[in-house]
Amino acid sequence: MTPEEFRQWGHQLIDWLADYQQQIEQYPVRSALKPGEFRASLPAHAPEAPESFQAILDDLNNKILPGITHWQSPNFFAFFPSNASGYSVLGELVAAGLSVQGMLWETSPACTELETHVLDWLVTLLGLPARFRSDGLGGGVIQDSASSALLCALIAARERCTGFNSRLQGSDNRLVLYASTEAHSSLEKAAVIAGIGLNQVRRIGVDKNHTLRVDELQRTLAADRAAGLMPFMVVATLGTTSSLSCDSLPALSALCLHEKLWLHVDAAMAGSAALCPEYRHIHEGLEGADSYCFNPHKWLLTNFDCDCFYVADRAALTRALSVAPAYLDNPASESGSVIDYRDWQIPLGRRFRALKLWFVLRGFGAEGLRQNIRHGIALAQRWGKIIESDSNFELACPVAFNLICFRHHKGDAFNQQLKNALNDSGKMYLSHTVLDGRYTLRLCVGQSTVQAHHTDAAWNLIVQTAQKQSEAL
Ligand code: PLP
């Protein structure tokens with residue numbers, strides 16, 4: 001493709017994406033394809049001869065779009081929002097076009113320094129502790145996901161606890177880590193990858209607000225120590241997946257400092273809310289945390305992937321993860337005056353993700369991003385009140401931030417059937433969880449395009465579908 005052809009097709013592709021944004025509501029929210037149906041539409045072999053770009057574009061319309069679940073539809077209420085704002089997509093395009101590999105400072109100084117700078121901006125914007133800033137002992141890095149951030153934190157915690165000996169001798173089978181029963185499942189995955197047996201992952205019970213019971217944690221820690229085990233890490237959640245509950249950071253910080261445990265805080269979605277001063281209190285107690293992460297790719301109008309991961313002591317992280325083959329030697333790294341982000345993550349290579357975040361922060365300004373957070377929360381609160389006033393339904397817990405957890409009174413099987421019918425309709429998409437042992441429907445309101453008329457229409461559909469289902473019983 002020559003630069004001229006790239007210009008021509010690039011313009012056409014941007015037009016295609018802009019049309020997609022404008023027409024998104026015409027598609028069924030969840031793809032209606034059956035397993036294998038999409039592959040069956042593809043040729044068995046890759047083309048030998050080049051195909052025209054027009055043929056590729058045609059297949060985007062005819063083949064790819066029917067197989068898409070439209071995460072950016074204003075009628076998408078499942079899981080968490082996926083907001084690919086225009087700024088973010090264009091920043092991503094520049095990153096792809098420049099095709100920078102930012103593994104070392106030297107391989108693109110702007111890639112490293114923009115990332116450091118933008119993550120320092122976010123420390124201030126979110127009211128994070130100054131110890132996470134890069135001008136002290138800490139700093140931030142962009143990971144692909146909260147799962148990777150947790151894995152990196154876990155490895156650093158393991159090394160700090162074992163005097164950086166696990167690097168040499170493998171993981172000590174006495175190591176134990178702790179999180180609530182509501183913490184994300186990436187905990188088990190990280191433990192498996194890091195060689196911490198699943199038997200050494202302690203899931204601590206939660207109270208009626210679905211937050212970690214600190215008294216139970218204390219008792220479990222004491223029992224583990226008495227049994228000769230080595231507690232090394234606690235993972236707290238600000239905004240659990242099921243109900244967006246927030247663990248008590250002040251209590252956990254104090255406990256972890258006293259017990260010399262690494263405290264990692266997972267604020268995957270809810271962390272973005274701290275951009276608004278009225279929600280910044282969620283970060284109280286974070287001064288005692290060793291690491292923290294949140295996902296702009298959930299609620300900060302930035303497309304996947306983008307997780308901001310902070311550590312208070314970057315040396316612990318880089319000492320844990322650094323390996324230095326001769327072929328990467330270079331004067332800047334040897335001078336010790338630059339950051340080489342390869343030592344802050346699992347892979348060596350890395351994309352220029354800071355560009356899209358920089359585009360987003362500049363394009364919207366903090367105030368624009370706050371507006372989107374407040375908009376989602378206001379709509380969720382409004383919807384929660386409507387649900388509360390319907391005697392056939394109940395809220396499973398108070399509406400937290402932009403998440404509504406609710407159930408029909410007719411029990412688990414009824415709710416499951418209701419969810420399937422709603423998603424099969426193509427008119428909306430919601431997900432579920434299990435809360436207090438009961439099947440619970442989950443509506444997350446965060447798309448930048450969602451308006452009250454969308455939530456009202458979705459609620460009418462839920463009520464009507466439940467009514468029909470009741471009559472058919
Ligand atoms: N932590 C929490 C609280 C989550 O809700 C999620 C995903 O939904 C994750 C972690 C995992 O996020 P990621 O896909 O960025 O690994």
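Glu-278 comes out as partly exposed in this predicted model, its relative accessible area being 38%. Its partner is Arg-374, and the two form a salt bridge whose closest N and O atoms sit 2.6 Å apart. Glu-278 belongs to the loop between β5 (262–266) and β6 (291–294), while Arg-374 is part of helix α14 (residues 354–388), so this contact ties together parts of the chain that are 96 residues apart in sequence. Arg-374 is partly exposed too, with a relative accessible area of 30%.

Helix α14 also supplies Lys-356, which pairs with Asp-305 from the loop between α11 (296–299) and β7 (307–311), 51 residues apart. Here the salt bridge spans 3.7 Å from N to O.

Altogether, the structure holds 25 salt bridges. Among them is the one between Glu-188 and Arg-203, with 2.7 Å separating the closest N and O atoms. Glu-188 lies in helix α8 (residues 186–194) and Arg-203 in strand β3 (residues 201–204), so a helix and a strand are tied together by residues 15 apart in sequence. Both ends of this pair are partly exposed: Glu-188 shows 23% relative accessibility, and Arg-203 shows 27%.

Key. Residues numbered from 1 in each chain as written. Predicted model: local features only at pLDDT ≥ 70, side-chain atom pairs only at ≥ 80, totals over all residues. Heavy atoms only, no water. Salt bridge = Lys/Arg side-chain N within 4 Å of Asp/Glu carboxyl O. Helix = DSSP H or I, 4+ residues; strand = E, 2+ residues; numbered from the N terminus. Buried < 20%, exposed > 50% of the residue type's maximum accessible area, 1.4 Å probe, protein only.
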